[in-house]
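Here are my notes on the model, in numbered points. Please keep the structure open beside them.

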Amino acid sequence: MTLEFPEKRFAQWGKEYGDMIFLKMFNTPVLVINSAHAARDLLDKRSVIYSDRPYSVMMTDLLGWEHDFGLLPYNEEFRKHRRWMHMPFFSRSCLAAFADMQTREVIALLMGFLNDPEGFGAHFKRYSASFMFRYLYGHTVISPDDENLHVIEKAVEGTMNCSAPGTVPVDFIPSLRYLPTWLPGVGFKQKAVWVRTAVRDAAQRTYNLAESKLTKDNIETPVISSLIKEFTSKGTLETEKPEIMMFGLTLYAAGTDTTHTVLMAFLLAMIMYPDVCVKAQEEMASVVGSARLPTVNDRDALPYLECILKETYRFSCPAPLGVPHALREDDEYRGCWIPKGTMIIPNLWFMLHDADAYPDPEAFCPDRFNGLYENQEDPRNIVFGFGRRICPGRRFAEIGIWQAMANIVATFDLGKARDAMGNEITPSGTFSSGLINHPHQFECTIRPRSQQAIELITDANMKW
Ligand code: HEM
């Protein structure tokens, strides 16, 4: 077992043992699933018993994410939170309103690229954070120095740094939490104390933000403020408040980093594969022209960009091992017994990098979805997980990602940076290991495509 890129180790084991690998981590039975076929058989078709989450002492007891519905077992509280998501994250009218709101965020992103192209990573970060902030709390993040942004990021980053699933000993040996902090290997307890405080601060502060936007500025968003309104009118707000607070934080934590990493991977691919970028620009020019910016209404007419979106999901696979499920009852599959309580880890990364399913998997090749190869399954059926725990933010995420990609392709030329001698610097194209994959740092050039593109962006910025 390895803590660095466990998905690759699982893939290697897969070659030896097949698409289902059973192991024990300390005393916990673990089933790694290496194929979409087996994942569907179990997590989709038998979702009644495969939809719990393994209990995490670290996340729940030590870091204070007890109402995080991404961690809850498949119980009544979990179902309530999924219901809270339904309207804002699935209804067509809410998503259409979001796409509209999103346009302003996209313009701010393009302005960032125009004024400070080297800061592309920070602009993507602000963009991913801001559209979550606006939708959840009604607050606009204008600069990366926003105080609310810092508070919430401190909590989320602190959590991510000490909680990647499968890598936290206290989750497998719960009694470790009772050992004194001065013992070697128990330093996690000290860290957990400050992260817990950061999580509480962030939950309280963001809730207050939504409440004050609602009561003072009369800004009602489809998520937190509408829950505050609903439970105020029912007279149960005080009871629901701890859950509403964590609901907001959960969505922020689940949605921001994943979106950010997809956008970074898209830019990286455009730098490394300039022909793909040129082809997308040609399609954009022939459909949208150069006199306006693209909108979501153009999406159906831009099939090549759609292939790029799919390939970006496949290439980056932001959550390589998804989020583990847990089995509620003993089960049997292909003649093998799977005990109750088994942690199920779907190796999403391998499902999307298996050369039998996706030929030449390390290459970024949107044409694989354009007829180059046969039977290329849409990565969106895999990258968001499976069954009753499938990502509920997937439609919402896609709107933000598509809008950013389309507008960047329409207005900027993207290329490799050059060193002091004038030689092109080719990015490594590699990703870091972790709960969420991030492309390793890279440099690039981002230049407006024309004077007309600059005017389109600045005019749109004036209007908003
Ligand atoms: C490209 C962006 C995203 C990717 C790749 C992604 C991927 C995933 C994956 C793999 C899971 C685990 C599914 C499973 O257990 O089988 C998940 C769960 C989840 N995602 Fe996303 N996600 C993205 C964006 C978002 C956004 C924008 C939101 C919020 C608006 C969100 C909210 C959640 C929540 C709340 C869960 C937990 C669901 C549960 O436990 O039932 N995600 N996501």
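1. A polar side-chain atom of R82 sits 2.7 Å from an oxygen atom of the ligand. For H325, a polar side-chain atom is 2.8 Å from an oxygen atom of the ligand. F386 uses its backbone instead: an N or O atom there lies 3.0 Å from an oxygen atom of the ligand. A polar contact is a pair of N or O atoms within 3.5 Å; within protein, one must be able to donate a hydrogen and the other to accept it, and residues adjacent in sequence count only if both atoms are side-chain atoms.

2. A word on the basis. This is a predicted model, in which local features need pLDDT of at least 70 and side-chain atom pairs count only at pLDDT 80 or more, while totals for chains, interfaces and linings use all residues. Residues are numbered from 1 along each chain as its sequence is written, and side-chain values use heavy atoms, with hydrogens and water left out.

3. Which residue donates to the iron atom of the ligand? C391 does, through SG at 2.3 Å, and it is the only protein donor. Donors here are N, O and S atoms within 2.8 Å of the metal (3.2 Å for Na, K and Ca); water is not among the atoms, so sites may look incomplete. C391 belongs to the loop between α15 (380–383) and α16 (394–411). Helices are DSSP runs (H or I, at least four residues), as are strands (E, at least two), numbered from the N terminus.

4. Now the shell around the ligand. There are 29 residues around the ligand, and R53, R82, H325, R389 and C391 come nearest. A residue counts as near if one of its heavy atoms lies within 4 Å of the molecule or strand. By type, the shell holds 19 nonpolar, seven polar and three charged residues. Nonpolar covers Ala, Val, Leu, Ile, Met, Phe, Trp, Tyr, Cys and Pro; charged covers Asp, Glu, Lys and Arg; the others, Gly among them, are polar.

5. Which helix gives the most to this shell? The answer is α11, with five residues. At least two residues come from each of α4, α11 (237–272) and α16.

6. D257 is in helix α11. Its relative accessibility is 13%, so D257 counts as buried. The cut-offs are under 20% relative accessible area for buried and over 50% for exposed, with partly exposed in between (1.4 Å probe, protein chains only).

7. T159 is placed in helix α7 (residues 147–161). T159 is buried, at 5% relative accessible area. Its side chain makes a polar contact of 3.1 Å with that of W65.

8. Aromatic pairs number 25. Rings of Phe, Tyr and Trp (its six-membered ring) pair if their centres lie within 6.5 Å; planes under 30 degrees apart are stacked, over 60 edge-to-face, and the rest tilted. F89 and Y135 form an edge-to-face pair, 5.5 Å centre to centre with 75° between the planes. This pair links distant parts of the chain, 46 residues apart: F89 is in helix α4 (residues 76–90) and Y135 in helix α6 (residues 120–137). Both F89 and Y135 are buried.

9. Ring pairs also join F69, Y74, F78, W84, F231 and F247 into a cluster. R79 lies over the face of Y74, at 5.0 Å from the ring centre. A charge sits over a ring if NZ of Lys or CZ of Arg is within 6 Å of the ring centre and within 35 degrees of the ring normal.

10. F5 deserves a look. K8 lies over the face of F5, 4.4 Å from the ring centre. F5 has a positive phi of about 45°, although it is not a glycine. F5 is in the segment before α1 (6–17). Its relative accessibility is 21%, so F5 counts as partly exposed.

11. D360 also has a positive phi, near 50°, and is a residue other than glycine. D360 is in the loop between α14 (348–353) and α15. D360 is partly exposed, at 46% relative accessible area.

12. Last, two buried residues. I382 is in helix α15 and has a relative accessible area of 2%. V186 is in the loop between α8 (169–172) and α9 (188–215), with a relative accessible area of 2%. The C-alpha atoms of V186 and L176, ten residues apart along the chain, are separated by 7.4 Å.
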